[in-house]
Amino acid sequence: MNVSRRFILKGIALGGLAGMTLGRWSLSLANNAVSAQAQSTLPLLVLVSGEAEQSAFLLGIAAALPDKRPWMQRTDLGMGFVQDFTRLLRSGRPIRIIGLVDDASATLIVELARASDARLPWLGYHSASPGQSRHRLLGDQASSELAARLDSRQWTAILGLALASRGSAPTGLAPPADAAQSPLTGHFVSFAIET
């Protein structure tokens, strides 16, 4: 089964769960109207799951934002995460959310974002095995330009840099992956969400 089909099927299965959430996310974020220029100053939440938490994805984010420390949250399919995330999305506070998660977590996250009328300017499907990775990106002009750069062993670092620097010029190239890190393998979804 390909990544896109599995993503849709999991979305159907988890769609009912997304509608039952009430939420309790407690962040103190600025409640300002957001212009295109101010997007890079919005609070940034980074969502990761499983192997992605140990990948070079976070190194790419750190390279893009050397003077900032985004908030990182490990995702799961538990009701606590669902309620917290729904509350954040519906809080009315502007925030940027980026992530690299397994496809089951992504199904839930994306459906919750859509149900909350959040913008989803980026969605990427990634399949990686030792020595090879494939990527399907849905988004704006920047996503089509990035697709060719992801065909590399360092795709997770490049992806982290690109997602963290959306709305501003990247500060440099993606850092080399730590030699001690094993490459990420499996099926993953990347996203950018804006409230």
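pLDDT is the predictor's confidence in each residue, from 0 to 100. Keep that in mind, since this is a predicted model.

Confidence comes first. The protein chain has a mean pLDDT of 77. Of its residues, 68% reach 70 or more. Now look at residues 11–37. There, pLDDT stays under 50. For that stretch the model still has 46 contacts beyond four places in sequence.

On to the packing. The largest nonpolar core has 25 residues. Which of them touch the most other members? They are F57, I98, L100, L146 and L159. Several elements give two or more residues to this core: strands β1 (44–48), β3 (96–102), β4 (119–129) and β6 (186–194), plus helices α2 (57–64) and α6 (155–164). Helix α6 gives the most, with seven residues.

I98 is then in contact with L44, L45, V46 and L47, among others. The list also includes I61, L163 and A164. F191 and A192 complete the set.

Last, the aromatics. How many aromatic pairs does the structure hold? One. F81 and F85 form the pair, and it is stacked. The ring centres are 5.6 Å apart, with 10° between the planes. That pair counts as stacked because planes under 30 degrees apart do. Where do F81 and F85 lie? Both are in helix α3, residues 79–90. They sit four residues apart, about one turn of the helix. Both F81 and F85 are buried.

Notes: Residues numbered from 1 in each chain as written. Predicted model: local features only at pLDDT ≥ 70, side-chain atom pairs only at ≥ 80, totals over all residues. Heavy atoms only, no water. Phe/Tyr/Trp six-rings, centres within 6.5 Å; stacked < 30°, edge-to-face > 60°. Buried < 20%, exposed > 50% of the residue type's maximum accessible area, 1.4 Å probe, protein only. Core = buried A, V, L, I, M, F, W, Y, C linked by side-chain atoms within 4.5 Å. Contact = heavy atoms within 4.5 Å.
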